[in-house]
Amino acid sequence: MVPARAHSSNALIRTSIQVAPDDIDGAVGSLAPELNSVDLAFAVAFLPTRVPYRDLGHKLQSSVSAPVFGCTTAGELTDDGFQQSSMVAVGFPSDSFAVHPFEIPNVQNPGEAIFRSIVTCAEDVRRRGVGAFAILLIDGMSLAEERIAAQCDLALGGIPLFGGSAGDDAKFESTWVLRNGEFATGGALLLLVETNRPFHVFQMQHLIPIGAELVITAACPEERVVLEMDGIPAVEAYAAALGRTVDALTPEVCERHPLAIRIGGVDYIRSIQKVHDDGSIRFYCAIEEGLVLSVTKPDDFVRRLRDGLESVTSEVEDPELILACECIQRRQVVESLGLVDDVASVLQSYPIVGFHTYGEQLRGLHLNQTLTGVVIGR
C-alpha cells in the first residue's frame with residue numbers, strides 16, 4: 001500500500017494507479033487513502049474494463065468515506081499522458097462542493113419525473129445564487145445521448161453541462177455507469193455540482209472545415225445512418241468531397257475527415273462509425289435529413305491541444321483541476337500519428353484527469369472527436 005500524501009483540508013484530490021487484474025485489493029488499497037486524506041463531498045472515478053471492474057468499483061466505494069460516482073472507460077487521461085488499465089479518481093472536498101445525483105435507470109424510457117426533480121433542484125440552486133455545473137455520464141452504447149443530454153440541459157435551465165459516454169476499451173459491447181459502488185448499463189447519471197470556487201466549462205477540437213459541404217437527403221435517424229447526401233449514395237458523395245474513390249475510404253481516412261454541423265457559428269463534429277457496402281454511412285452522433293454537413297481535416301493536434309488548454313485555464317485564476325472527457329477517436333488519431341509522447345509533454349503542464357469516451361456532451365449536444373470538461377480554480 002502506498003501511504004496517503006498530506007493534503008490541505010480543501011484540496012481537490014487527483015489520483016490514479018495502474019490496476020492488475022489479479023490485484024484489485026492492492027489498487028484500491030493504494031488509491032483510497034489518497035481520497036480519504038480530505039473530508040470529501042463525493043468522488044468521481046473512471047475504471048477500465050480490462051480488469052474486474054465490478055469488484056473494483058464495489059471495493060473502492062467500500063474503502064472511501066464519500067459517495068463514489070463514475071463509469072467504465074475506453075482509456076484514461078492524466079497529467080502523465082494517456083493511460084490504459086488505470087483507475088483514475090477525483091475527490092471533491094466538502095468545504096467547497098456539494099453534489100445532487102440524479103440516476104436515470106432507463107435512458108430509452110426515462111419518464112418525466114426525473115427531469116422534474118432536476119428542474120426543482122436547479123431552480124433552488126439558482127435562487128440561492130450558488131455556482132453550479134453538471135456532469136452527465138451515460139451508457140455509451142445506448143444511442144440515447146442526444147435525447148438525454150437535451151432533456152437534462154433543458155431541465156438545468158442554464159446551468160452548464162458537460163459529460164462523456166462510458167466506454168469498454170474499444171470492444172463496443174457493453175458500457176457501465178457507477179453509483180455508490182454498483183454498476184448499471186442502459187442508464188445515465190447526472191451530477192449537479194454546487195461550488196464556491198471559480199470554474200469554466202469548455203470544449204475543444206483539432207478539426208477544421210475544408211470548405212466542402214454535403215446535404216443529407218435520405219437517412220434513418222433512429223439508427224444514425226445516412227443513406228444519401230446530395231441525392232446520391234452517401235459514400236459516393238463523401239468520397240467525391242474528399243477527392244477520393246470509394247475504395248479509398250479506409251477507417252483511418254474516415255477518422256481523420258469526419259463531418260461537422262455548424263450551430264451558432266461553432267462547428268460540432270459528427271464522426272463516421274462505419275462505411276457500409278450498400279453505400280450508406282453510420283455515424284456516432286445524431287443525424288437527420290436536411291442537415292448540412294461540412295467535411296473537415298485535422299489541424300496540428302499538439303498545437304491545438306496546447307493552445308486550447310492554455311486558453312481554458314486562463315478563464316479561472318489559479319486552476320487546480322481539469323476534469324476532462326475526451327473522445328476515443330482523438331486518442332486513436334494521436335496513437336496512429338505517433339504523437340503520444342508529444343501529447344504527454346503538453347498534458348504534464350496541466351492538472352488534468354479524465355477518461356476516453358464513446359462520445360461527449362456539452363450542454364444539450366452530443367459530440368464526437370472533442371475534449372469537453374470543466375476547469376476549476378482553487
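At what angle do helix 3 (residues 113-128) and helix 4 (residues 145-156) pack, and how far apart are their axes? The first view gives the answer. This is a predicted model, in which local features need pLDDT of at least 70 and side-chain atom pairs count only at pLDDT 80 or more, while totals for chains, interfaces and linings use all residues. Residues are numbered from 1 along each chain as its sequence is written, and side-chain values use heavy atoms, with hydrogens and water left out.

**View 1. Helix 3 packs against helix 4.** The angle between the two helices is about 40 degrees, and their axes are 7 Å apart. Helices here are DSSP runs of H or I with at least four residues, strands are runs of E with at least two, and both are numbered from the N terminus. On the helix 3 side, look for Phe115, Ile118, Val119, Ala122 and Arg126, which meet Ile148, Gln151, Cys152, Ala155 and Leu156 of helix 4.

View 2. Ser142 counts as buried at 8% relative accessibility. (Buried means under 20% relative accessible area, exposed over 50%, and partly exposed in between, with a 1.4 Å probe and protein chains only.) Once neighbours within four places in sequence are set aside, Ser142 is in contact (heavy atoms within 4.5 Å) with Val107 and Gln108.

**View 3. The largest nonpolar core has 54 residues.** A nonpolar core is a set of buried Ala, Val, Leu, Ile, Met, Phe, Trp, Tyr and Cys residues joined through side-chain atoms within 4.5 Å. The residues with the most contacts inside this one are Phe42, Phe92, Leu191, Met229, Tyr238 and Leu323. Helix 5 (residues 234-242) gives the largest share of the core, six residues. A second, separate core has 26 residues, among them Val28, Ala32, Ala43 and Leu60. Zoom in on Leu323 and, leaving aside neighbours within four places in sequence, you will find contacts with Phe46, Val90, Phe92, Ile135, Phe162, Val353, Thr372, Gly373 and Val374.

**View 4. Two aromatic pairs are stacked.** A pair of aromatic rings is described by the distance of the centres and the angle of the planes. Rings of Phe, Tyr and Trp (its six-membered ring) pair if their centres lie within 6.5 Å; planes under 30 degrees apart count as stacked, over 60 as edge-to-face and the rest as tilted. The structure holds ten such pairs. In one of them, the centres of Phe42 and Phe92 are 4.4 Å apart and the planes are at 5 degrees, so this pair is stacked. Phe42 belongs to strand 2 (residues 40-47) and Phe92 to strand 6 (residues 86-93), so the pair links distant parts of the chain, 50 residues apart. Phe42 is buried, at 0% relative accessible area, and Phe92 is buried at 0% too. The other stacked pair shown is Phe172 with Tyr358, at 4.3 Å centre to centre and 15 degrees between the planes. Phe172 lies in the loop between strand 9 (161-165) and strand 10 (177-179), and Tyr358 in the loop between strand 23 (352-357) and strand 24 (360-362), so this pair ties together parts 186 residues apart in sequence. Phe172 is partly exposed at 29% relative accessible area, whereas Tyr358 is buried at 5%.

**View 5. Ala260 lies in strand 17 (residues 259-263).** Ala260 counts as buried, at 1% relative accessibility. Follow the chain to Arg270, ten residues apart from Ala260, and the two C-alpha atoms are separated by 5.2 Å. Beyond the neighbours within four places in sequence, the contacts of Ala260 include Asp267, Tyr268, Val292 and Leu293.

Key:
Axes are lines fitted to C-alpha atoms, for helices over the stretch in contact, and angles run from 0 to 180 degrees between N-to-C directions.
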